[in-house]
Amino acid sequence: MMTPELNALALLGLLHAALFVAMSVSANRLLPASKTLGTREAPLEHELTGKTGRIYRALRNNTENLGFFAAAVVVVQLSGANSGFTATCAWLTLATRIAYVPAYVFGWVPWRSLIFTTGFGTTTLMFVAALL
């Protein structure tokens, strides 16, 4: 049976897949097929503008944070530190990552930064909980 922390991680993985698909569809609408199907020797990220660029940057941010959260879940799991507190932190992290996508895409200032900070904090607290 999966723990709440592992469930949150699995759902975050699915969010990441959905964000990747959204970015790919948006990029294919913005750029000509010769660019998106090409060799990509020159990075396309500078050509992704507007909402597509924001979706791309949200995906990159999620990529960076997915590893951080996965590490926290692994540490909690392997140390046997699972608790109601770590489960709550995991679910809050997932909720903030879900909220972060529209906050980034639609430029919700200062909410995007507050959402990010909350998710970063809840993930950090999982590491702390495993050490106590």
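A polar contact is a pair of N or O atoms within 3.5 Å; within protein, one must be able to donate a hydrogen and the other to accept it, and residues adjacent in sequence count only if both atoms are side-chain atoms. I note this here for the His16 entry below.

**Entry 1. Ground rules**

The model is predicted, so I keep to its limits: local features need pLDDT of at least 70, side-chain atom pairs count only at pLDDT 80 or more, and totals for chains, interfaces and linings use all residues. Residues are numbered from 1 along each chain as its sequence is written, and side-chain values use heavy atoms, with hydrogens and water left out.

**Entry 2. Overall layout**

I looked up the secondary structure and found five helices and zero strands. Helices (H or I, at least four residues) and strands (E, at least two) are DSSP runs, numbered from the N terminus. The pattern along the sequence reads α-α-α-α-α. I then took the extent of the C-alpha trace, which spans about 55 × 30 × 20 Å along its principal axes.

How many of the 132 residues count as buried? The share is 39%. Buried means under 20% relative accessible area, exposed over 50%, and partly exposed in between, with a 1.4 Å probe and protein chains only.

I also looked at contacts, where contact means heavy atoms within 4.5 Å. Among contacts between residues at least 6 apart in sequence, 75% join residues at least 24 apart.

**Entry 3. α1 against α3**

Helix α1 covers residues 4-30 and helix α3 covers residues 50-79. Their axes come within 9 Å and cross at roughly 165°. This makes α1 roughly antiparallel to α3. For the terms: axes are lines fitted to C-alpha atoms, for helices over the stretch in contact, and angles run from 0 to 180 degrees between N-to-C directions. Angles under 35 degrees count as roughly parallel, over 145 as roughly antiparallel, 65 to 115 as roughly perpendicular and the rest as oblique.

I recorded the crossing of α1 past α3 as left-handed. A crossing is left-handed if the near helix is turned anticlockwise from the far one by less than a right angle, and right-handed if clockwise. The contact of α1 with α3 has 19 nonpolar, seven polar and one charged residues. In this count Ala, Val, Leu, Ile, Met, Phe, Trp, Tyr, Cys and Pro are nonpolar, Asp, Glu, Lys and Arg are charged, and the others, Gly among them, are polar.

**Entry 4. His16**

I picked His16, which sits in helix α1. Is His16 buried or exposed? It has a relative accessible area of 18%, so it counts as buried. The side chains of His16 and Asn62 are joined by a polar contact of 2.8 Å. Not counting residues up to four places away in sequence, His16 touches Leu59, Asn62, Thr63 and Leu66.

I found α3 and α5 packed at an angle of about 25°, with their axes 8 Å apart. The two are therefore roughly parallel to each other. α3 passes α5 in a left-handed crossing. On the α3 side the meeting residues include Phe68, Phe69 and Val76, and on the α5 side they include Phe116, Phe120 and Phe127. By class, the contact of α3 with α5 has 12 nonpolar, five polar and no charged residues.

I stayed with Val76, which is in helix α3. Its relative accessible area is 0%, so Val76 is buried. Leaving aside neighbours within four places in sequence, Val76 is in contact with Glu5, Ala81, Asn82, Thr86, Met126 and Ala130. Val76 and Glu5 are 71 residues apart along the chain, yet their C-alpha atoms are separated by 8.3 Å.

**Entry 5. α4 against α5**

Helix α4 (residues 84-105) and helix α5 (residues 111-131) pack at about 155°, with their axes 8 Å apart. They are therefore roughly antiparallel to each other. The contact is made by residues that include Phe85, Leu92 and Tyr100 of α4 and Ile115, Gly119 and Met126 of α5. These contact residues divide into 13 nonpolar, seven polar and two charged. α4 passes α5 in a left-handed crossing.

Leu92 lies in helix α4, and at 40% relative accessibility it counts as partly exposed.

**Entry 6. Pro110**

Last, I looked at the loop between α4 and α5, where Pro110 is found. A cis peptide bond joins Val109 and Pro110, with omega about 0°. Most peptide bonds are trans.
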